[in-house]
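The sequence and the structure come first.

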Amino acid sequence: MASKTLLRTEKLLKLLSDGKFHSGQSIAEELEVSRTAVWKLVQKIQDWQITVYSVRGRGYQIPGGLALIEKESIEHALATNNKLFKELILLSSIDSTATYLALDWKRNPGRGRVCIAEHQSAGRGRKGRPWISPFGANLYFSIGVELPLGLSALGGLSLAVGICLCQTLNQLTNEPVKIKWPNDLLLDDKKLAGILVEASGDTTDSSFLNIGVGINWDMQREQGKPIDQPWANLKDNLKRKTSRTEILQKLLVDLDKALVDYLEFGFSNLVALWPQLSGMYQKEVSIHLPNRIAHGKEIGVESNGALRVDIDGNVKVFHSGEVSLRKKLWPKED
Ligand code: BTN
C-alpha cells in the first residue's frame, strides 16, 4: 500500500477505534480527503478482516471499537528492562512479521529488535502452514536477535522460548497453559499459541534468530474457521482484565531475560521444569514422523531439547515429529 494511503488508513482506524459512529463528512474533513476516498479507505480496513458498519445518515462504526496496541508503553518497557531487544517496529498490516524482520535484518543487522503487527496477510506457521491473522484479534510478533552461539549450540532454544511464554501466560490465566512439544502452547488442550524459530548463521560462532510468536487473543469463531484443529482464546481465560499491550510488555521483558539466561546456562537447567509444564508428560502419545507413527509414553526432554519417549520399556529420543495424545483403542467386545 502506498505510504500516504497507509497513513490515512491508520488515521481512520484510530478515529473509528472508539466504537462510535463517525459521519463520512467528518472523517473526510479530518483526513483531508473526499468522501469517496473515505469509502475506499473503509474498504481497505475491511480487507484486514475488520467489521465496519456503514449506516445511511449516521456514517461508519467499528462495533465494539478496537483496543489498538500502544507502541510507547512497550518501548518504555524495552528501554527500561531489556538487554537484547531494544528497538520496536509496530505495523498495522504486513505480509508476515517473520518475513519483514528477516529482510529488515539483511538491510540493517545489529541491534536486537521486535516487530509487532496488528494484521498479517500471509502469516506463516510451522511446516509451511498459514497462520490466520485477522486485524487486532490476536498477538503476532517476531524477535530478531544475534546470539554469540553457533547453530549447533541452539538445541533447546525454541523450548526455552516456549517455557518462558508458558510461565508468563500462566501468571495471567485461570486454567494452566501447557506446552505441546516442541512449539505449541495449549489451553484446555486446545491450541493457544505457536512459535516459529528460524535460525541462520555459521555452525560455530554466531547465529541470527528470528523468533515468531502468534497468540490467540479474541479471535471470532468465524475468523478462525480455516484452522484445522481446536483452538482457544487467551481473553476468555484471564484472572483479571488486561490489554494486549500489557501482555506484550510482560512477554517481551521475560523473553529478553530468558534468552540472556539461555546464553549463560543453556537449556539444561530448564529440563526439570518440563514435567509440570508439558501437557503430555506421562501420557500415551503418538509421534507422527514422515514415514511412520511411533507410540509410547512421554517421559521428558533431553538437555538438547529432544523428546524422551518410553516405547515398550525402552527410552527413545525424538528430534522432530508432531506429537498428539494417543487415541484410546478400546478392547473389542466379543
Ligand atoms: C505454528 O505453526 O504453530 C507457529 C506459528 C507462528 C506464527 C507467528 S505470528 C508472528 C510470526 N509471523 C509469522 O508469519 N509467523 C509467526
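## Burial and the charged pairs

A residue is called buried here when its relative accessible area is under 20%, exposed when that area is over 50%, and partly exposed in between. The model is a predicted one, and within it Glu 322 and Arg 126 are both buried. Their side chains meet in a salt bridge, with a distance of 3.7 Å from N to O. Because Glu 322 belongs to strand β14 (residues 322-325) while Arg 126 sits in the loop between β4 and β5, this pair ties together parts that are 196 residues apart in sequence.

A further buried pair is made by Lys 180 and Asp 184, which form a salt bridge whose closest N and O atoms are 3.8 Å apart. The salt bridge between Glu 246 and Arg 240, at 2.6 Å from N to O, has another setting: Glu 246 is partly exposed, with a relative accessible area of 24%, and Arg 240, at 45% relative accessibility, also counts as partly exposed. Salt bridges that share partners join Arg 126, Arg 129, Lys 180, Asp 184, Lys 191 and Glu 322 into one network. The salt bridges come to 18 in the count.

Which residues of helix α4 (residues 71-81) are buried? They are Ile 74, Ala 77 and Leu 78, and because they cover an arc of only 95 degrees around the axis, they lie on the same side of α4. The other side of α4 carries the exposed residues Glu 72, His 76, Ala 79 and Thr 80.

## Helix α2 and the residue after it

In helix α2 (residues 24-31), the buried residues are Gly 24, Ile 27, Ala 28 and Leu 31. Seen down the axis of α2, these buried residues fall within an arc of 100 degrees, and therefore they line one face of the helix. Among the elements that cover them are α1 (3-16), α3 and β2 (59-61).

Just after α2, the backbone at Glu 32 takes a positive phi of about 55 degrees.

## Aromatic rings

A pair of aromatic rings is described by the distance of the centres and the angle of the planes. The count comes to two aromatic pairs. In one of them, Trp 48 and Phe 135 are stacked, at 5.5 Å centre to centre and with 5 degrees between the planes. Trp 48 lies in the loop between α3 (35-47) and β1 (53-55), and Phe 135 in the loop between β4 and β5 (138-147), so the pair ties together parts that are 87 residues apart in sequence. Trp 48 and Phe 135 are both buried.

The rings of Trp 105 and Phe 208 have centres 4.4 Å apart and planes at 20 degrees, and the pair is stacked because planes under 30 degrees apart count as such. This pair links distant parts of the chain, with Trp 105 in helix α5 (residues 97-107) and Phe 208 in strand β9 (residues 207-216), 103 residues apart. Trp 105 is buried, with a relative accessible area of 7%, and Phe 208 counts as buried at 12% relative accessibility. A contact of another kind involves Arg 221, which lies over the face of Trp 231 at 3.9 Å from the ring centre.

## Cysteines

How many disulfides does a search of the whole structure find? The search finds zero. A disulfide is a covalent bond between the sulfur atoms of two cysteines, and the cut-off applied to a pair of cysteine sulfur atoms is 2.5 Å. For Cys 115, the closest cysteine sulfur is that of Cys 164, and because it is 19 Å away, it is too far for a bond. For Cys 164, the closest cysteine sulfur is in Cys 166, and at 9.7 Å this too is too far for a bond.

Cys 115 is buried, with a relative accessible area of 0%, and Cys 164 counts as buried at 7% relative accessibility.

Note on methods
Residues are numbered from 1 along each chain as its sequence is written. This is a predicted model: local features need pLDDT of at least 70, side-chain atom pairs count only at pLDDT 80 or more; totals for chains, interfaces and linings use all residues. Side-chain values use heavy atoms; hydrogens and water are left out. Buried means under 20% relative accessible area, exposed over 50%, partly exposed in between (1.4 Å probe, protein chains only). Helices (H or I, at least four residues) and strands (E, at least two) are DSSP runs, numbered from the N terminus. The arc is that of the directions from the helix axis to the C-beta atoms. Rings of Phe, Tyr and Trp (its six-membered ring) pair if their centres lie within 6.5 Å; planes under 30 degrees apart count as stacked, over 60 as edge-to-face and the rest as tilted. A charge sits over a ring if NZ of Lys or CZ of Arg is within 6 Å of the ring centre and within 35 degrees of the ring normal. A salt bridge is a side-chain nitrogen of Lys or Arg within 4 Å of a carboxyl oxygen of Asp or Glu. Contact means heavy atoms within 4.5 Å.
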